[in-house]
Amino acid sequence: MTLARLLPRAAAAGPDRPALAVGPRVHSTFGQMAARVATIAGTLRGRFGLDPGARVALAMANGPAFLEILCACWHAGLVPVPMNAKLHPREFAYILGHSGARLCCASPGLAAAIAGESGDIPDCRLLAVAGPGEPAAEERDLLAGEPIATMEGRADDAAWLFYTSGTTGRPKGAVLSHRNLLAMTRAYTTDVDSIAADDCILHAAPMSHGSGLYAVPHLAAGALQVIPESGGFDPAEVFELVRFHAGMTFFAAPTMVKRLIEHPACADADPRNLKTVVYGGGPMYGGDIKRAMARLGNRFAQIYGQGESPMTITAFSKAEHAMTDHPRYAARLASVGRAQTGVAVRIADADDQTVPAGELGEVLVRGEPVMTGYWNNPEASARTLRGGWLHTGDLGVLDADGYLTLKDRSKDVIISGGANIYPREVEEVLQLHPGVRECAVIGRPHADWGEEVVAFVVPRHAEAAAIESLDAVCLAHLARFKRPRQYVFVAALPKNAYGKILKTELRRKAAKDRSSE
Ligand code: AMP
């Protein structure tokens, strides 16, 4: 059983039901989508001569074509390699070469840049695929073949090569099988939220990542997939679209949730059609989720996952968000919830031995959603999956009830004077200061202490956050040794294409500033 069955199944049940929409308008029904997908699959196999297992890269902005090509790959037994449209041409070239992609479907704006960097990648054909209403000449080629029947693949075949965001070093390609993504799909409806056929998912976040992964459970439910006309996240557009489409869910990084509720349109938005905002992918600060719930109500669910166990390690449901009178509510709201169905989570020490509840260690994960390994990287696969457990690189604590609280990535922990300082704890406190828009805390090498704490702060406006008042907030909430020894005010924090803060870059900057002092 593979994911290829999902679309024909939805099309058989409701051929005239809407499958894809762009903004407020329906782009295709399930019957139309299934027909196009079978034809694209036929083209990929026939005209382009791709054999089962061949990799097809997608360097595409969010759009209906992204989903059609994804489904066509499954239909034809090919392996999609979705890449974030915001990557640098050199990063595209690296992934194309590393995955051995035979075809790269690219948005027209990206095709030229990729061609410039990827000229020397053998056997990789580049195809420009435009957005709706503006078919690129070559896109018509995709529909030039004959439709084919669904390929009967195996559950353990690769369904998605997920290149990690690579906040350090080269990205690695997590091989996600059909079985992995079907396990994610079942866990979604058990642990995250229900999906009715009348519901829809809005792809406001990159479809190459979480939003695209969550296309799968919505496809399984026969729900509508809505792509914003902007192709990305625009809070005003989200509030506009929620008026047109009922039962709307979208996946959002915590920074998107913050931008959504801080947007002026939020004040008079009618959230009745908004079913669920699933957030995850990075830490959500306590103040932000409380403000979001106060404004938009009980519409939030959290997930913790990583490319290696897509969207599926733990979840904190809407019902759990609403249990405000639970004696441990505050601690639970600061957690990432409990292990999702079919997933085992344990906390281990440096020797992979399980530590008691309440103690800190690395988060290890086992279960059906966990990747089969990294593409063409047996050493990293063996290291990361040693003993049959996925080593997430995240540090966390499990409480006696099974709620997991993440502290930090192990490489981000600051060790100062022999004591561990968790940047997230300091960031959470700095966020309490009304003048702080965003902040990131890192460690900088220090001759006496090993490392010292440095905070990068994006103030709401010039003069908004004076050092003395930032220090006062830290002293009021933190042990003295944890407070930043230096504040660096910046206009923006460096982020990768997925919006994750590049702490490696901040560490480099802090070390350079010190050496030039
Ligand atoms: P990626 O593989 O790019 O999706 O990144 C996964 C990493 O993002 C995880 O290993 C965590 O460090 C972080 N992450 C994911 N979900 C959460 C969450 N709900 N809260 C805090 N950090 C998260």
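Helices (H or I, at least four residues) and strands (E, at least two) are DSSP runs numbered from the N terminus. The structure is a predicted model, in which local features require pLDDT of at least 70 and side-chain atom pairs count only at pLDDT 80 or more, whereas totals for chains, interfaces and linings use all residues. Residues are numbered from 1 along each chain as its sequence is written, and side-chain values use heavy atoms, with hydrogens and water left out.

Ser 309 belongs to strand E14, which comprises residues 309-316. Its relative accessibility of 0% places Ser 309 in the buried class (buried, under 20% relative accessible area; exposed, over 50%; partly exposed, in between; 1.4 Å probe, protein chains only). When residues up to four places away in sequence are not counted, Ser 309 touches Val 365, Pro 369, Val 370 and Leu 390, contact being defined as heavy atoms within 4.5 Å. A polar atom of the Ser 309 side chain lies 2.9 Å from the backbone oxygen of Thr 312. The C-alpha atoms of Ser 309 and Leu 176 are 8.3 Å apart in space, although the two residues are separated by 133 positions in sequence.

Strand E14 is part of an open sheet of nine strands with mixed pairing, ordered E2-E1-E10-E9-E11-E12-E13-E14-E15; two strands pair if DSSP finds at least two bridges between them. Strands E2 (25-29) and E15 (338-339) form the edges, each pairing on one side only. Within the sheet, E9 (residues 200-202) and E11 (residues 248-252) are joined in the parallel sense by three bridges, and Leu 202 stands opposite Phe 250 of E11. Helix H3 (residues 64-76) packs on the sheet through E1 (18-22), E2 and E10 (224-227), and its direction makes about 145 degrees with that of E1. Axes are lines fitted to C-alpha atoms, for helices over the stretch in contact, and angles run from 0 to 180 degrees between N-to-C directions. Helix H12 (residues 286-296) lies across E12 (274-280) and E13 (300-306), at about 140 degrees to E13.

No disulfide, defined as a pair of cysteine sulfur atoms within 2.5 Å, was found in a search of the whole structure. For Cys 73, the nearest cysteine sulfur is that of Cys 105, 7.1 Å away. The sulfur of Cys 105 is in turn too far for a bond, because the closest cysteine sulfur, in Cys 104, lies at 6.8 Å. Cys 73 is buried at 0% relative accessibility, and Cys 105 is buried at 0%.

Definitions and conventions:
Polar contact = N/O pair within 3.5 Å; in protein donor to acceptor, adjacent residues only side chain to side chain.
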